[in-house]
Amino acid sequence: MSFVFWFLAAIAVAGALAAVLLKNLVHCALALTVVFTGLALLFLQLDAQFAGFAQILVYVGAVAILVVFAILLTRSSETPKDGGVFSRTWMAGLVIAAAVFAVLGWAVLQSEAGLPHETAVPNVTVQQIGNALMGRYVLPLEIVALLLTAAMVGAVIVAMHEMGDAK
Amino acid sequence: MAALLFAIGLAGALTRRNAILVLIGIELMLNAANLNLIAFWRYMPHPEALTGMMFAIFSIAVAAAEAAVGLGLVISIHRHAKTADLDEMNRMKG
Amino acid sequence: MFEKADQVFLLLRDWLVGFLPPGWRSAAGVVLGVIGIIAVFPGLFAITTVLERKGLGRMQNRLGPNRVGPFGILQPIADAIKSLTKEDIVPLNADAVVHFLAPVFLVVVVFMGFAVLPVGRNMVLVNMDSGLLFYFAMGASTEVSIFMAGWSSRNKYSLLGAMRAVAQMISYEVPLLLSSVVIVMMTGSLSLVKIVEAQNQYSWGLPHWYIFTPWGCAAFVMYAVAATAETNRSPFDLPEGESELVAGYFTEYSGFKFALFFLGEYLAMLSISGLGTTLFLGGWSAPLAVLNWVPSWIWFFSKVMLSISVLIWVRGTLPRLRQDQLMNFAWKFVLPMTLLNLMVAALWRFMGDGWARWVICSAILLLVYVGAGRVGMRREHFGPRTYRYAE
């Protein structure tokens with residue numbers, strides 16, 4: 001495909017590799033931010049404007065910061081004292097991941113044979129998204145709202161309860 | 001490419017010691033799935049049905065919620081066990 | 001003639017671009033627009049620094065800088081020369097790559113936010129359908145760069161300052177978004193160009209700016225509060241308070257990088273004021289219908305400078321809020337008020353035209369504001385003071 005796609009894909013993959021391979025956790029979190037931005041730009045290249053901006057707003061603006069805060073609060077930013085940063089069972093993990101990649105890659109390549117590659121550019125306006133959210137996707141919307149509320153309350157309880165315990 | 005990102009995320013989630021890195025790997029996997037959704041939505045017939053985009057947006061929201069809860073759990077485990085190292089946590093009884 | 005003055009920048013751009021072969025024209029047009037933004041907004045930044053220092057000086061009963069030019073107007077040039085020639089100190093233990101990237105990232109992200117502001121009639125760099133969403137996405141990214149700055153300095157004070165700043169910015173982002181969502185709801189579009197055009201109508205000579213409606217006024221107040229907190233300005237400037245944390249998250253920066261941070265912060269202030277004028281004060285539309293002959297970009301910039309002056313005024317006047325008071329204020333007062341504002345705006349839409357809706361909506365907002373303010377924000381009552389003497 002186009003040069004822009006390869007460039008962004010390279011950035012995202014490099015960032016992902018950095019995110020799982022680096023020793024210093026904060027560097028990993030920053031590499032994760034790079035991956036998120038690369039993916040958001042890829043979304044924009046695929047004409048999914050709303051999803052791209054929502055990705056930046058939610059992931060880069062909130063999730064990346066959450067990860068960083070968690071790293072700082074658990075003091076994992078210091079280097080580990082013994083062993084390496086990889087767990088004892090790292091070979092098994094790599095093998096499993098390679099196997100999954102092989103299966104997924106095969107599945108994608110198999111299905112690509114029947115795809116029409118160039119459709120008309122879908123000009124998705126935000127109004128259409130709003131209509132869809134209120135119309136066809138009302139049930140998922142409500143359920144996600146409930147889920148977010150439950151997650152928020154749960155996260156607060158989990159984090160707070162331990163503070164009462166540690167006294 | 002989404003498959004590659006997914007595999008990298010999975011490898012990261014399975015091989016690192018620190019719990020937070022596992023969560024980072026999980027976030028990578030979710031993002032890769034999102035990318036797949038949007039890419040396939042764009043190139044399939046009937047992109048005006050908006051299915052792929054909707055799914056991706058909901059997935060972003062759900063992933064954010066799950067990251068919050070997961071990190072809260074990691075923090076509370078850290079308070080309890082004074083470490084976030086997964087190799088050390090091989091007992092159920094705390 | 002006045003239409004020409006209004007569109008003079010567009011005409012200039014078209015004339016310049018006309019020299020190039022047709023294939024290059026649109027790209028060159030965009031590049032010229034970018035050059036325009038890069039030239040104009042830092043110029044405004046320079047004016048803002050002078051305004052701020054003189055203004056604060058006068059409010060504190062002293063003269064501001066008055067050595068460099070007549071009334072100190074050339075002070076920014078002196079500042080620029082100073083920061084460019086200062087030694088660039090990077091601490092030994094600091095993370096060099098992140099330390100370098102943080103101010104760059106901040107400035108890049110803030111400049112991208114300027115791309116969607118409609119500066120005049122037909123004058124917006126990128127007319128995106130979801131321009132407001134793009135702007136907030138850029139605003140959220142500034143927090144990452146602040147964190148990068150604080151972390152890479154390997155300094156406890158920087159880190160604390162960075163965490164406080166990020167916590168504050170995250171907490172005030174939700175009221176910022178929610179007060180803008182009210183505007184989006186009433187306009188029906190996320191595109192900033194459409195929002196300004198919707199405000200460009202006049203009835204009895206007064207424009208339809210959103211600040212003149214009860215929900216718009218409440219939303220504007222909350223937006224202003226959230227905006228000062230987002231850009232870490234007084235009275236919310238604990239992360240950069242000089243008496244609290246040395247200089248907070250940019251303690252270890254010197255020379256050009258500090259100038260970049262300074263630039264980034266003031267540009268963020270300008271850009272949030274720009275967004276505020278677009279959403280609430282009518283963007284480039286004139287205050288009275290008879291004044292439409294004045295070019296639209298003059299109105300935009302004067303409104304932005306007015307907002308900046310109010311920000312400087314507030315900085316000189318109000319005392320600083322403590323971190324927990326700040327977060328308390330955000331989550332317990334501003335957020336419920338924005339949610340209530342949403343509902344009042346919906347009520348307004350459903351009540352149809354007439355004077356009744358003005359009265360009812362204003363009454364609801366004022367009652368809750370006063371009531372919640374008295375009840376929710378009550379200070380803790382301390383007992384009479386007891387003294388402990390050293391024995």
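Q: Why does Gly93(A) count as partly exposed?
A: Count the C-beta atoms around a residue. Placed from the backbone, 20 or more others within 10 Å make a residue buried, 12 or fewer make it exposed, and anything in between makes it partly exposed. Gly93(A) has 19 C-beta neighbours inside 10 Å, so this glycine is partly exposed.

Q: What kind of model is this, and how are residues and chains labelled?
A: This is a predicted model, in which local features need pLDDT of at least 70 and side-chain atom pairs count only at pLDDT 80 or more, while totals for chains, interfaces and linings use all residues. Residues are numbered from 1 along each chain as its sequence is written, and chains are lettered from A and ligands numbered from 1 in the order in which they are written.

Q: Where is Gly93(A) found?
A: Helices (H or I, at least four residues) and strands (E, at least two) are DSSP runs, numbered from the N terminus. Gly93(A) is in helix H4 of chain A, residues 90–112. Val35(A) is 58 residues away along the chain, and the two C-alpha atoms are separated by 22 Å.

Q: What does chain A look like as a whole? How many helices and strands has it?
A: Six helices and zero strands. Read from the N terminus, the order is α-α-α-α-α-α. Of its 167 residues, 32% count as buried. For contacts, take C-beta atoms placed from the backbone; two residues are in contact if these lie within 7 Å. Among chain A contacts between residues at least 6 apart in sequence, 55% join residues at least 24 apart.

Q: Which residues have the most contacts inside the largest nonpolar core?
A: A nonpolar core is a set of buried Ala, Val, Leu, Ile, Met, Phe, Trp, Tyr and Cys residues joined through C-beta atoms within 7 Å. The largest one here has 153 residues, and Ala29(A), Leu32(A), Ala64(A), Val67(A) and Ile38(B) have the most contacts inside it. Helix H3 of chain A (residues 49–73) gives this core its largest share, 17 residues. Domain 1 (1–80) and domain 2 (123–167) of chain A each supply at least three residues. Those bounds come from an automatic or database domain assignment.

Q: Take Val67(A). What is in contact with it, leaving aside neighbours within four places in sequence?
A: On chain A, Ala29(A) and Leu32(A). On chain B, Ile20(B), Ile24(B) and Leu71(B).

Q: Which side residues join chain C to chain A, and how many are in contact?
A: 17 residues of chain C are in contact with 16 of chain A. Helix H6 (131–152) and helix H7 (156–187) of chain C each give two or more residues to this side. H6(C) gives the largest share, 11 residues. By class, the chain C side has 13 nonpolar, two polar and two charged residues. Here Ala, Val, Leu, Ile, Met, Phe, Trp, Tyr, Cys and Pro are nonpolar, Asp, Glu, Lys and Arg are charged, and the others, Gly among them, are polar.

Q: How many helices and strands has chain C?
A: 13 helices and two strands. Buried residues make up 41% of its 391 residues.

Q: What span does helix H3 of chain C reach?
A: The expected span of a helix is 1.5 Å times one less than its number of residues. H3(C), residues 25–59, has 35 residues and reaches 50 Å from first C-alpha to last, close to the expected 51 Å. Its buried residues are Phe41(C), Thr48(C) and Val50(C). Their cover includes helix H4 (75–85), helix H10 (256–279) and helix H11 (296–317) of chain C.

Q: Which residue follows H3(C) with a positive phi?
A: Asn61(C). Its phi is about 65°, although this residue is not a glycine. Asn61(C) lies in the loop between H3 and H4 of chain C. With 6 other C-beta atoms within 10 Å, Asn61(C) is exposed.

Q: Is Glu87(C) buried or exposed?
A: Exposed, because it has 6 C-beta neighbours inside 10 Å. Glu87(C) lies in the loop between H4 and helix H5 (96–113) of chain C. Beyond four places in sequence, Glu87(C) is in contact with Ser254(C) and Gly255(C).

Q: What is the mean pLDDT of chains B and C?
A: pLDDT is the predictor's confidence in each residue, from 0 to 100. Where pLDDT is low, the predicted coordinates should not be read in detail. Chain B has a mean of 70, with 55% of its residues at 70 or more. Chain C has a mean of 79, with 89% of its residues at 70 or more. The model scores ipTM 0.76 and pTM 0.82.
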